Protein chains: 2
Amino acid sequence: MSMKVTPISGFPEFLPADRLVEQHVLSVIAETFQLHGFANIETRAVEPVSRLLGKGGDADKEIYGVSRLSADPGDADEVDPSRRLGLHFDLTVPFSRYVLENAGKLQFPFRRYQIQKVWRGERPQDGRFREFVQADIDVVGAGELPFHYEAEMPLVIVDAFSKLPMGPFRVQVNNRKIPEGFYLGLGIAAEQVVTVLRIVDKIDKVGPEAMVAMLVEAGLSAEQADKCLALAQISSTDLSFVDRVRELGVEHPTLDSGLEELAAVVEVAAQQAPGVVAADLRIARGLDYYTGTVYETQLIGHESYGSICSGGRYDSLVSDGRTTYPGVGISIGVSRLVAKLLADGDVVVSRPTTTCVLIALNQDEDRSRAMGVAAALRSRGIACEVAPKAAKFGKQIKYADRRGIPFVWFLGAEGEDGVVAPDSVKDIRSGEQVPAQAQSWSPAAEDARPIVSARVIEGA
Amino acid sequence: MSMKVTPISGFPEFLPADRLVEQHVLSVIAETFQLHGFANIETRAVEPVSRLLGKGGDADKEIYGVSRLSADPGDADEVDPSRRLGLHFDLTVPFSRYVLENAGKLQFPFRRYQIQKVWRGERPQDGRFREFVQADIDVVGAGELPFHYEAEMPLVIVDAFSKLPMGPFRVQVNNRKIPEGFYLGLGIAAEQVVTVLRIVDKIDKVGPEAMVAMLVEAGLSAEQADKCLALAQISSTDLSFVDRVRELGVEHPTLDSGLEELAAVVEVAAQQAPGVVAADLRIARGLDYYTGTVYETQLIGHESYGSICSGGRYDSLVSDGRTTYPGVGISIGVSRLVAKLLADGDVVVSRPTTTCVLIALNQDEDRSRAMGVAAALRSRGIACEVAPKAAKFGKQIKYADRRGIPFVWFLGAEGEDGVVAPDSVKDIRSGEQVPAQAQSWSPAAEDARPIVSARVIEGA
């Protein structure tokens, strides 16, 4: 096949060394989710378009439709519009469908994690892709879900992120009941609340003045708009945000309830993970199904990059008519995070290949013996490969060096007396060569596999 | 969202316990590939349809086209037919494109593994899905690729499969040069060879008589057709197949070359993995880009289920006009394999959840202390979760039992004198309860994580 090759915008791919970084991030996240008792599932890549359109605001603009190029006339998935398929644009919609489909076979509260690709037909930008990986956790109850899970979610994320080779981050938390109660207490009509939320959510994009102007344009008085701005500008890593909201002089029972819940989330976070979780009353999250705590996460010093991990509480994501399933979830934008780590050069891999040992070949007749050595090393967890072809030792070392393989194994030569000399292994970085047996030799622990770590800044 | 939920035929999903089996299979395969020095990559899910149509015979019938539901008029990916996108139906076509795109940045021979979902719009059947996971290894050279890699590939598969909880299997190997040289030596025209190959490939489906009849219908003499059948019926785990082919009295240099290569593959396999790899001269593989060794893999006793792992050598999968990239690859049908293991009940999981310990709560005020215990256990790799709500101990044990969690942790009670009793942990299977500290207690190694293993048949 000979054909011009052009990358497709928004569909990034990695070279093997960068993929090692992505795999490391994915495995730390998955391992952390498992330690916190989340069960893994995967859902199919496609959902009926009708379901994808059901929630998520303007999601319809983002959906990729899927259809067989040569569909049979009788294929219901193609013909029946209610069964038309599209690629999922998040993991929440498929998960809610999965809960409904399997409710009788799941234990509630159901803690699940899910790490998969999702697709959105949006215009690609810095850190925004058309195909990307999300890593989600949700806890879903049948009929009810205790509030304390809203305090637990950000702690799981803090645990995962603290093990990753990334810089400092901040989980920003708000509670939907605070702005809602505050707006109602200000005398804003109930049907206006979502509109006001959406405008306030734009504060980082448009700035405070434009936000106030948009609120006035939407029908708020100047005083109401100013109070909305004042609320959005409150943040704290301790409980002081409560008094600052009270000082604005607005009262409403929903506001009281929201302040109480947010205070509880911030208090638990201050105990279990001090200094990382902050109340930030500007956080709204565009999606209208959130009903309680909402989360965003910023990389400190890279705030303009946007949130790399978001979510919240929803009282009714899904219902079968008899039972409603409330939940709370949070989603890591893995591709966004990895793209940032790689772009900034903040992360290093100790070597670009998993292979630890190259078994050198002096002559082709030794290949079978070399394969035996390789099998013995592998049986003890040491990744290795036999040289592509027989060559002089210098060439073999050059090959290993070019690949980033740290050790070269030399088979002992057979002397004229028929006695075979012992094998030896050379660390090509130090040049040190020692006698070795495939049944017992091991590399130093730090050389066993590539290690992904944060770049240490010289002199810092 | 309330909506009727119906599964989509051909798009299987697992409950958490079955997903543990799939995850185990995937991780054993990935770990084995790494031990053999294969680098991991992932490619995007979509390719231009023009590229997908380029190879693979009647692949056009299988392709899912992808397009944005509300495409912008100027979006070249939608408007330009040469850029129309489809979901990949295998990992070989995307990999060949990846090699071409990144040739300057890769080291050759390039050993890569790739484990991803692929999509085919075929009619779903037993073990055949529309969305499924493949696990591929390939070794690709720039310009040339030594033959010995054709002997190495099946050994990697044998290594992976021997670590999986599956029954006995057989890797069947053939070499395209054998039937090709044999047919040419029989006097069949060169342009007829692929047609004959495709008919012979149907022998398992239609039976030998029908196959011979189809060959005669395609223009072969009865004697030629009988010889084709005789060739296809030869198989052996040793080198005896060579003499049996010679006895058929057909001669051609391509046949000689094929026999020599297949003998080398079988010989290496007999040394490194005795009894598992067999020469089987009926194996043809439908895809016309194979030029040397070809592989299929059967589960012994389940031959009618078809191949669960297939591949072969290709001299020119891809070329940029200057350099041609030959390769050899093999692909495990992970979804097919896992579906079979689960359907036959041949595999058991020691428990249905990763969680090892439930931290019980006697009263809600203890949640913070319980979270501290959970954090201490997790920091030592023990998966745990805090009880959903405070309840009597009996209820907590019932909850753990229903979830399959083996241990329940009890916080020491505070006595009237203010002294806190030590914590304790109960193995709810044996009922044994012992004092424990979160900083030091560990479960038995076999209880740390769920263990996936082959079912032991009673009395066997």
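The legends below describe close-up views of a predicted model.

Residues are numbered from 1 along each chain as written, chains are lettered from A and ligands numbered from 1 in the order of writing. In this predicted model, local features need pLDDT of at least 70, side-chain atom pairs count only at pLDDT 80 or more, and totals for chains, interfaces and linings use all residues, while side-chain values use heavy atoms, with hydrogens and water left out.

**View 1. Residues A:R120 and A:Y289 of an annotated binding site.** An unreviewed UniProt entry lists a "binding site" that includes A:D90, A:R120, A:Q134 and A:Y289; such positions follow the numbering used here, feature names are shortened, and annotations may be inferred rather than shown by experiment. A:R120 lies in the loop between β5 (110–119) and β6 (131–140) of chain A, where strands (E, at least two residues) and helices (H or I, at least four) are DSSP runs numbered from the N terminus. A:R120 is buried because its relative accessible area is 18%; buried means under 20%, exposed over 50% and partly exposed in between, with a 1.4 Å probe and protein chains only. Among the residues that A:R120 touches, beyond those up to four places away in sequence, are A:E62, A:D90 and A:Q134; a contact means heavy atoms within 4.5 Å. A:Y289 belongs to the loop between β9 (277–280) and β10 (293–299) of chain A, and A:Y289 counts as buried at 7% relative accessibility.

**View 2. A sheet with strands from chains A and B.** Six strands form an open sheet in the order β2(A)-β4(A)-β3(A)-β3(B)-β4(B)-β2(B), with antiparallel pairing. The β2 strands (46–48) of chain A and chain B stand at the edges, each with a single partner strand, so one side of each has no neighbour in the sheet. On average, neighbouring strands of this sheet are turned by 45 degrees against each other, direction ignored. Two strands pair if DSSP finds at least two bridges between them; three bridges join β2(B) to the antiparallel β4 (residues 85–87) of chain B. In this pair, B:V46 stands opposite B:L87.

**View 3. Packing of helices α5 and α12 in chain A.** Helix α5 (residues 148–162) and helix α12 (residues 253–272) of chain A pack at about 40 degrees, with their axes 9 Å apart. Axes are lines fitted to C-alpha atoms, for helices over the stretch in contact, and angles between N-to-C directions run from 0 to 180 degrees. The angle makes α5(A) oblique to α12(A); under 35 degrees counts as roughly parallel, over 145 as roughly antiparallel, 65 to 115 as roughly perpendicular, and the rest as oblique. The residues in contact include A:E150 and A:L155 of α5(A) and A:E261 and A:V265 of α12(A).

**View 4. Residue B:E150 in helix α5 of chain B.** B:E150 is found in helix α5 (residues 148–162) of chain B. With a relative accessible area of 3%, B:E150 is buried. Its contacts beyond four places in sequence include B:N175, B:E261, B:V265 and B:R313.

**View 5. A nine-stranded sheet in chain B.** The open sheet has mixed pairing and the order β1-β5-β6-β12-β11-β10-β7-β9-β8. Its edge strands, β1 (39–40) and β8 (235–236), each pair on one side only. Strands β6 (residues 131–140) and β12 (residues 324–333) of chain B pair in the antiparallel sense over seven bridges, and B:Q134 stands opposite B:G333 in β12(B). Helix α4 (residues 92–102) of chain B lies across β5 (110–119), β6, β11 (309–319) and β12, running at about 35 degrees to β11(B).
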